[in-house]
Amino acid sequence: MKYFFLTFFVLVITFGYSQKKVLQTKFTSDNITIDGKLDENVWQSTPEATNFIMSQPDNGEPIPDSKKTIVKVIYDNDAVYIAALLYDDQPDKIRKEISQRDSFGIADVFGVFINGFNDGQQDFQFFVNAADGQADCITTDSNGEDYSWDAIWKSKAIITDFGWVVEMRIPYAALRFSAEKKQTWGLNFFREIKRNRQKYTWNFIDSKIGTFTQQTGILKGIENIKPPTRLFLMPYSSFYVNANGQQKTVGTLKGGLDIKYGINDAFTLDAILVPDFGQTKYDDQILNLGPFEQQFNENRPFFTEGTDLFSKGDLVYSRRIGGRPINYPTAAENETIIDNPSSVDLINALKVSGRTKDGLGIGILNAVTKRTFATIENKDTQETRREEVEPLTNYNVLVLDQRFRKNSAISFINTNVTRNGGFRDGNVSALVWDLNTMKNTYSLSGNLKYSYVNDIMDKKGVSTSLNIGETSGQYRYSLGADLVTKDFDNNDLGINFQTNYYSIYGNASYRILNPTKLFNSFRINYNMYTQFQKETGKIQGNNMNASINLDTKKNHYVSFGTNISPVESYDFYETRAENRYVILPERYNAWLYISTNYNNKFAFNFNPSYSIFNETERST
């Protein structure tokens with residue numbers, strides 16, 4: 001075993017760099033109008049980013065002259081500006097579809113990816129489609145794309161006789177970067193030609209390497225910028241009317257204020273005073289028949305912005321803050337509960353997040369919720385009393401995330417919930433690591449979490465995982481294992497469904513990296529997962545699946561596979577009772593998915609599946 005770790009350490013310190021393109025930008029004092037016309041003089045003398053390279057399907061193939069793409073970048077003290085000339089010898093065939101934000105459907109797309117720290121860890125991505133729609137997201141290799149993040153920026157796309165043009169203005173307030181006088185940013189441009197199912201990037205994205213954010217080019221030339229003070233005051237008010245047949249109509253006026261302040265170019269303070277979240281959308285009504293609580297999306301703007309740091313380790317489920325009270329009121333036989341609040345009001349909250357020039361990310365979140373009471377009425381005397389269901393509570397999160405070598409990170413996270421009085425308190429700490437060799441060929445990731453709950457009886461628990469894999473080339477694999485003890489509990493500020501188990505899992509895959517005579521893309525994938533109940537050793541879950549995914553030369557997509565559970569498993573959760581379980585039989589499933597080329601006048605999707613169980617007369 002010691003030779004394995006020595007070998008891995010050698011792999012980690014071995015390095016090599018792929019060639020990165022460099023684009024020089026220039027400062028402008030002109031007033032840039034975002035209209036897609038590019039008629040300002042500064043655009044004519046600005047260096048160009050050209051020679052795009054195909055990412056998919058023919059990885060590494062130069063873009064043809066008929067689809068030539070030219071991009072320019074300028075800047076001032078407020079923002080960066082991007083102009084893109086997207087040539088197309090058949091402009092009448094450019095795909096356009098009007099859709100909501102962050103959804104492009106079948107439209108052609110242009111995008112810019114910016115990493116203000118040039119650390120290969122996180123991109124701020126901004127997209128414009130040929131129908132002039134916008135999308136934006138934060139992307140990391142570990143967590144993928146987060147489209148819940150929305151920035152304020154301008155863009156304009158117009159169709160021309162030579163193709164289409166995009167002009168963008170991205171304010172510094174929408175980005176994060178160091179306070180250096182001379183900036184060096186990671187940069188890439190993206191173009192998708194939908195009718196051909198072709199994707200191109202300015203800096204080459206090598207499909208043999210299992211990373212995206214670390215294969216950007218370089219933007220140089222931003223110097224001595226003097227961005228304005230990033231201070232946003234967002235007041236709001238709401239009026240509620242409560243009426244029913246038994247009580248008189250009551251109107252309530254509420255108001256609040258959100259504050260966003262740029263401490264410097266790298267760190268931002270967000271705060272909410274006297275909050276009211278009446279402007280957020282309602283949750284869908286869901287009938288939950290399962291053994292676990294329902295998990296809902298976060299709809300409050302304060303908690304959806306800058307979530308990348310606070311999502312480390314999956315310890316924060318922000319709906320806990322201001323969620324349901326911790327206790328349910330108790331009523332005697334002659335009493336009835338006439339008012340039991342479904343949520344707890346927030347008094348205030350603030351968070352500070354950012355990253356230093358040395359790659360240290362710091363996130364601090366603190367929120368305080370009100371003391372909350374239920375109202376109980378005596379049926380005989382009609383007298384009412386109040387019972388405390390949630391005390392004054394403080395929620396706190398601390399995150400330290402150190403990035404290094406542009407592709408690795410180690411994080412420390414602590415969450416703490418302190419309730420006033422004799423109510424339950426909870427504290428969870430975690431160490432999370434994601435280590436990759438310099439050539440991004442192997443990865444080692446995992447975490448170690450420790451929870452402590454101070455309740456009627458103190459409870460301590462551990463959750464840990466370890467994963468290793470090869471992440472490049474045609475053949476890739478990964479192996480991993482998890483262990484969660486019975487008393488691990490992060491539910492005061494996080495959400496956790498299963499405990500008291502250990503599991504092993506693995507993956508193996510093969511893919512072509514460039515088109516062949518038959519296929520534009522082809523991939524075979526195999527996964528296996530087995531989970532054991534920690535105390536009895538019984539199998540709680542088992543699954544094996546294999547699939548083939550391919551794109552034909554005519555741009556038809558086909559996927560098919562099988563998904564089986566070859567042995568009985570024992571569900572210890574569905575019974576909702578200690579030391580009891582439900583026996584789940586063996587299960588065998590096969591499926592097929594066909595999506596024909598959307599450029600055809602007639603296109604369709606076809607997705608049948610069939611499952612059989614090792615039980616009499618049971619199949620789906």
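The model is a predicted one.

Start with the rings. A pair of aromatic rings is described by the distance of the centres and the angle of the planes. Across the whole structure, a search finds 23 aromatic pairs. Phe110 and Phe189 make up a stacked one, with 6.2 Å between centres and 20° between planes. This pair links distant parts of the chain. Phe110 sits in strand β6 (residues 109-115) and Phe189 in strand β12 (residues 182-193), 79 residues apart. Phe110 has 0% relative accessibility, so it counts as buried. Phe189 also has a value of 0% and counts as buried, because the cut-off is under 20%.

Tyr502 and Phe532 give another stacked pair: the ring centres are 5.2 Å apart and the planes meet at 20°. Why is this pair stacked? Planes under 30 degrees apart count as stacked, so an angle of 20° qualifies. Tyr502 belongs to strand β29 (residues 501-511) and Phe532 to strand β30 (residues 519-533), so the pair ties together parts 30 residues apart in sequence. Tyr502 has a relative accessibility of 33%, so it is partly exposed.

Phe104, Phe113, Phe127 and Phe190 form one aromatic cluster. Lys68 lies over the face of Tyr87, 4.7 Å from the ring centre. Arg618 takes such a place over Phe613, at 3.9 Å from the ring centre.

The largest nonpolar core has 42 residues. Which of them touch the most other members? They are Val80, Ile82, Phe110, Phe126, Met168, Ile170 and Phe189. Two or more residues of this core come from each of β4 (69-75), β5 (79-87), β6, β7 (123-129), β11 (163-171), β12 and β14 (217-223). Leaving out residues up to four places away in sequence, the contacts of Phe189 include Leu23, Ala49, Phe52, Val71, Val73 and Ile82. Phe110, Tyr200 and Trp202 are also among them. Another core lies apart from the largest one; its 20 residues include Phe302, Phe303, Ala430 and Val432.

Next, a sheet. Strands of a sheet pair through backbone hydrogen bonds, either parallel or antiparallel. Here an open sheet of 3 strands runs in the order β18-β21-β22, with antiparallel pairing. Its edge strands, β18 (335-339) and β22 (384-390), each pair on one side only. On average, neighbouring strands are turned by 35° against each other, direction ignored. Strand β21 (residues 372-378) is joined to β22 by 6 bridges. In one of the bridges to β22, Ile376 has Arg385 as its partner.

Most residues other than glycine have a negative phi, and most peptide bonds are trans. The bond from Gln56 to Pro57 is cis, with omega near 0°. Pro57 lies in the loop between β3 (53-56) and β4. Asn224 is not a glycine, yet its phi is positive, at about 50°. Asn224 is placed in the loop between β14 and β15. That loop also holds Arg230, which at 10% relative accessibility counts as buried. Arg230 and Tyr172 are 58 residues apart in sequence, but their C-alpha atoms are 8.9 Å apart. Asn500 has a positive phi near 65°. Asn500 lies in the loop between β28 (475-484) and β29. With 7% relative accessibility, Asn500 counts as buried.

Note on methods
Residues numbered from 1 in each chain as written. Predicted model: local features only at pLDDT ≥ 70, side-chain atom pairs only at ≥ 80, totals over all residues. Heavy atoms only, no water. Phe/Tyr/Trp six-rings, centres within 6.5 Å; stacked < 30°, edge-to-face > 60°. Helix = DSSP H or I, 4+ residues; strand = E, 2+ residues; numbered from the N terminus. Buried < 20%, exposed > 50% of the residue type's maximum accessible area, 1.4 Å probe, protein only. Lys NZ or Arg CZ within 6 Å of the ring centre and 35° of its normal. Core = buried A, V, L, I, M, F, W, Y, C linked by side-chain atoms within 4.5 Å. Contact = heavy atoms within 4.5 Å. Pairing = 2+ DSSP bridges. Axes fitted to C-alpha atoms, helices over the stretch in contact; angles between N-to-C directions.
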